[in-house]
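Hi,

Here is the structure I promised to pass on. Have a look at it first, then read my notes below.

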Amino acid sequence: MVLQEWQKKISAEITSISKHNRQTKSKEGHIEQNSRKQEILEKCELEQIDLPTISDPMDTGESTPGPVFYFSTLSRTYQQNMKPAEREKREVDFTQKIAGLISEIERTTPNLKALDQYKDLLEKEEDVTKEFEVAKNEEKKVTDEYNKVKRARYELFMKAFNHIYGKIDKIYKQLKKSNTHHLGGTTYLNLDNEDEPFLHGIKYTAMPPTKYFRDMEQLSEGEKTVAALALLFSIHIPSPFIILDEVDAALDNLNVAKVVGFIRSKSYGGARLTQDPEEGCGLQNIVISLKNNFYDKAEALVDVYRDADRGCSRTLTFDLTKYRESRKDNFLFCCGTTMFRLYVTDLRLLI
């Protein structure tokens, strides 16, 4: 009797276990189906796919409140279970997309400190503008001063150039005129750049009588010397005092005589009463020379010689004005070992 009772109990428990197993499997299937639907729903939401809904849940036998989706209209691709690798890949892709969207949102987020930063920048701009104005005014002041000095320099240069330009041709004609060539030669003094004379040079050309125009380099040494003396006299006349050191080295006797005549015409011994003050008169000259033509027309001679006994140089002076009427053309004062002689056109220099 006891055994039969236990057998009945065991049989009843086995039946109950079987029932619970069937209920468990049913629940698991239902859960799996819901999980699959949830997965499909999430997938459609991520890919922005609209699912059709059934207005009356009773039509499908669903008891779940809310909208019921009609999954049967989807393609097999979306109804199939997603593989783990594919799911991970999709999660990574969507995570990256989400991160990009978040970054973009952060970039578009307004900066609440922008107004303060803008005020700081305005203050800096004002400071820089003030510094710029100060530097601009200083630059203008310096520029004006520079232009003032530049204009003064230009005016002084042009004043000197015009002075020389107005005299050099006349002086050259006086140095070159003769009985056969009354007009003498011609000189040309030109600026390479009249607007900016300091940026370029000055062209000086001399054309002796009976000769055609050519560059200064093609003239003889004597002609170059005469042209150089014309430029020298045009620069320094009117001037109270000039020293010339062997300027006659490359000159022949004829040109030496012309230079001597020009110097005497400008000296106190010349016809100074008929001279224009602007042309120069009363000029005092000391000329170091080795040619007799200069000595003959001098008012005084100064001879420099070496004193062997004392081991030094000494000088001798000789006044030629006492012999101006009686002396001969080839008169030459010589004393001792002469190193050079001075041609003096004004005795006051020896006082």
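What follows is a short tour of what I found, from the whole chain down to single pairs of residues.

A bit of housekeeping: this is a predicted model, so local features need pLDDT of at least 70 and side-chain atom pairs count only at pLDDT 80 or more, while totals for chains, interfaces and linings use all residues. Residues are numbered from 1 along each chain as its sequence is written, and side-chain values use heavy atoms, with hydrogens and water left out.

**The whole protein**

The protein has 7 helices and 9 strands (DSSP runs numbered from the N terminus: H or I with at least four residues for helices, E with at least two for strands). Of its 351 residues, 26% are buried. Buried means under 20% relative accessible area, exposed means over 50%, and partly exposed is in between, using a 1.4 Å probe and protein chains only. The accessible surface is about 25,100 Å², and carbon and sulfur atoms account for 55% of that (the areas come from the Shrake-Rupley method with a 1.4 Å probe; for residues, only the protein chains shown count as cover). Now take the contacts (heavy atoms within 4.5 Å) between residues at least 6 apart in sequence: 61% of them join residues at least 24 apart.

**Two surface patches**

Patches are built from residues with over 30% relative accessible area and no salt bridge, joining like charges within 9 Å and nonpolar side chains (Val, Leu, Ile, Met, Phe, Trp, Tyr) within 5 Å. Lys and Arg count as positive, Asp and Glu as negative, and His and the chain ends are not counted. Each charge is placed at NZ of Lys, CZ of Arg, CG of Asp or CD of Glu.

- Val 2, Trp 6, Ile 10 and Ile 14 make a nonpolar patch of about 430 Å². Val 2 sits in helix 1 (residues 2-46) and is exposed, at 54%.
- A negative patch brings together Asp 116, Asp 120, Glu 123, Glu 125, Glu 126, Asp 127 and Glu 131. Asp 116 belongs to helix 4 (residues 114-176) and is partly exposed, with a relative accessible area of 46%.

**Salt bridges**

There are 8 salt bridges in the structure, each being a side-chain nitrogen of Lys or Arg within 4 Å of a carboxyl oxygen of Asp or Glu.

- Lys 140 pairs with Asp 144, with the closest N and O atoms 3.1 Å apart. They are 4 residues apart in helix 4, so about one helical turn separates them. Lys 140 is exposed at 51%, whereas Asp 144 is partly exposed at 37%.
- Glu 196 meets Lys 150 at 3.5 Å, N to O. This pair links distant parts of the chain, 46 residues apart: Glu 196 is in the loop between strand 3 (186-191) and strand 4 (202-207), and Lys 150 is in helix 4.
- Glu 223 meets Lys 176 at 3.2 Å, N to O. Glu 223 is in helix 5 (residues 221-236) and Lys 176 in helix 4, so the pair ties together parts 47 residues apart in sequence. Glu 223 is buried at 10%, and Lys 176 is buried at 6%. Lys 211 joins these two residues in a network of salt bridges.

**One last residue**

Which residues does Asn 255 contact, leaving aside neighbours within four places in sequence? They are Lys 176 and Val 226. Asn 255 lies in helix 6 (residues 253-266) and is buried, at 8%.
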